[in-house]
Amino acid sequence: MFREGRQLGARLLLWLVLVLLTATGVAAQTVKIHAAQALVSDQSSFPVDQAAPRVDLPDDWSVSRPDSNGPVWYRLSFSAPGLREKGELLALYIEHVCTNLQVYLNGQLVHSGGQMSEPITQNCNHPQLVSLPAGLIGPGLNSLDLKVVGHALSRVASTHRAGGLSALEIGPQSVLAGKHARQLALNVAVPQAVSATLLLMGSFMFVLGWMNRRESHLAYFGALSVGWAIIESRLWLRDLPFDNAVAEFLLCSMLPLLTWASVQFLLRYAQHRSRWVDIALPLQALVMPASLWLAGPERLYPMASFWYVLLALQTLAAAVFYLRTQYRERRRSFWPMALLLCIATLALAVEYVAQKFGLRGPWMLLAQIATPVMMVLVGLRLLQQQGRALQAAEESKAQLELRIREATAEIERNFAQLAELRVEKVTERERKRIAADLHDDLGAKLLTIVHTSDSERISTLAREALEEMRLSVRGLTGKPVQLIDALGDWRAEVISRLGQAGIEADWTAPHEELPQTLSARAFVQTTRILREAVSNVIKHAGATHCSLSCTLFDGDLQIVVRDNGNGIPMELDGRLDRGHGMASMKHRAKQLQGQCLVESGPGYGTVIRLTLPLNRAIELA
Amino acid sequence: MTNILLLEDLPEIRAWLSSLVLQVFPDAQIAEAARVHDALGLVSAIKFDLALVDLGLPDGSGVDVVAALREHQPETQSVVVTIHDDDDHLFPALQAGAFGYILKEQARELIIEQLQRISSGEPPLSPSIARRVMAYFAAKSKPQPMSASSASVPAVSLTDRETEVLLRVAKGYTLPEIGQQLTLSRHTIADYVKQIYRKLNVSSRAEAALEAQRMGLFGR
């Protein structure tokens, strides 16, 4: 009787709580339901034979029935007068149910979130919208039964995934659909998008860092991003082929790997490498799953909570280390990175607090999304840096290529010079060999003619042939002779010969430094002309005095040979005696682009004026 | 000049040179040789006052004969008579101790004059030889910090007077003319020239000794 009465009382209470939905002008009106009857039972329908206590919604199992793994039946009643006439579609909106549920309207199954027994479909993040078919809604009181399956807090790693049911809302489908869509987007779509971004960016950066070992921080960041995306993959994979215990274990095992990646990323990014850390982090990634396994699925939550704090502290320490290094080195990237890391840390802290106290709300969601968003931003920042580094590398490569090209050209030039030098050396050696051979053979024979021929003409020819041979083997472009040296040679020969012949000689020539040079050929030709002139003086002139003067005038070399002898007799045709070699002297002067003038007359002596253009004589070479 | 060595491989030239020598030294005893080997044999047997040595010979270079004379008969005046007028032939000859260097193609009277001068103790010196000798000593006097030769070879360098003489020879002045210009006797000038030739020889011998030492011929 008492029990009946209590049941009745509860019903009456519900009546009071419920706001009656009228069919007119309430399209925008919804009703929130904050209480329901609840019973732990695995029956296929609401167990009417047992007394169902009233519970407040939201009903957190960890608070209301710790250690219980459900299933829990919830019952509530509502009425919707006039609804059927109006043809309006009603809907039930469940913001949060964990892990899964079925909905019965007046004893008829109208909605199932998926698999109700292990492996249970994971719907903790997915808000549920249940259409209530108008045909099933009676004119009076309608009963709505919800069967919720879930897990005790101790068996999951996060309060988010502990069993429970949020407050319910009943109203027009059109209104609630919008609300559901918004919540779905916030809970599922946005995290999905962010984690997809992380997955793509992370794999890309991982490959980038893997290929370039000096940029290992990129690889670690990539691993972190990909790991995060894997954890978030439950948003897609609501149905896993294994039990909750296994899923939770695998999920937790991912966390030390993420910590490994994040700590190493921060250290490497700060250009720091520690062998100790290199060993400890992978070791931790083995120790943590082992500890969870040893603790067993029943004590997952306390064990995981302990590890959360430990791992979070490690990451935090690495972040502090990184920022300190950046600050000390006065890096430009300190402030943006500090901001990003602070936001991420704050978001993690908020999430931790939310987890600890089972808080729920838009702020918590925002904090949940903030961390991966910050990761995306850090990733973009890294890519930007990488891009700049790549650009810089390209530039320096271009510079290097330029320098290599220059160096190559230089080497080629040097090589060409060297080759040229060697050719010159070989040529020189060969020239000397040929010269020696010619001297020893041809030279000796010509010499024999010079000194044994009875004809002076032949001996002169032979001597000239010898000189020609010398010129040839020296090369016609052989070393030019300094004019001052040439004058010295001529003077020595002329003075010596005239002195030998007992003729008083007088030589005048410029004494100052003379920059001019004569080509080898010009020197030899001029020497011959002078020799011829002196020979004439000695042999034919009968002179007692001979003066020679060399002057430089207007780029010309002028040599005047004057004697006080008999002069040269005229031939019949009025020309000077050819026997005196005048013709050959004139011819030679002409070859040097100069001229040889002879002034003579019987009794007047002879004057020979030889004019040679110095510059052209040089060019003749 | 009583004993004269004439080393020349071509018979015609040898005859011509012989007649030329007899013109200058009518009383001379001329020992003729056509090969280095023969000449060296004569050097070890007869004491010569003058030697006319050709360079390019069938069995070697006359420079060896000049060196042998320098070694065994330092009083002998060796004169190279050759067709080669280049540094590669001239310098080794002078360094080996040749007292003069006569080019065969010169006119007969010029060669006679040079021989006469030699007989009167005046060494022949042409402007071009003077220039080369100056260049040689100038190159040697250049500081060579990395070379051991500058430290080990006794410093043989020309005095200012010797350089002065060479400079004037290079300009074409005869030795008597230079004597007048410097108010010195022609014999003094001739002595300077002899001294220059000696220094050339000493310098080359020091270098040769050093080279031998460097190659490990001594001190083993």
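This report walks through chain B of a two-chain predicted model and then its contact with chain A.

Local features here need pLDDT of at least 70 and side-chain atom pairs count only at pLDDT 80 or more, while totals for chains, interfaces and linings use all residues. Residues are numbered from 1 along each chain as its sequence is written, and chains are lettered from A and ligands numbered from 1 in the order in which they are written.

Chain B has 10 helices and 7 strands; these are DSSP runs, H or I of at least four residues for helices and E of at least two for strands, numbered from the N terminus. Of its 220 residues, 39% count as buried, meaning 20 or more other C-beta atoms, placed from the backbone, lie within 10 Å of the residue's own. Take contacts in chain B between residues at least 6 apart in sequence, and 65% of them join residues at least 24 apart; a contact has C-beta atoms, placed from the backbone, within 7 Å.

Now the sheet. It is open, with 5 parallel strands in the order β2-β1-β3-β6-β7 (chain B), where pairing takes at least two DSSP bridges between two strands. β2(B) and β7(B) are at the edges with a single partner strand each, so one side of each has no neighbour in the sheet. From one strand to the next, the twist averages 20 degrees. β1(B) and β2(B) are joined by 5 bridges, and L5(B) has A31(B) as its bridge partner in β2(B). Helix α2(B) packs on this sheet, touching β1 and β2 of chain B, at about 145 degrees to the direction of β2(B); angles run from 0 to 180 degrees between N-to-C directions, with axes fitted to C-alpha atoms, for helices over the stretch in contact.

Here are the elements of chain B with their residue ranges:

| Element | Residues |
|---|---|
| β1(B) | 3-7 |
| α2(B) | 36-45 |
| α6(B) | 127-141 |
| α8(B) | 160-170 |

On to the helix pair. The axes of α6(B) and α8(B) come within 7 Å and cross at roughly 140 degrees. Buried residues of α8(B) include L166(B) and V169(B), and both of these take part in the contact with α6(B). Just after α8(B), G172(B) has a positive phi of about 100 degrees.

Finally, the contact between the chains takes 23 residues from chain A and 21 residues from chain B. On the chain A side, α12(A) gives the largest share, 11 residues.

Notes: A residue is buried if 20 or more other C-beta atoms lie within 10 Å of its own, exposed if 12 or fewer, and partly exposed in between; C-beta atoms are placed from the backbone.
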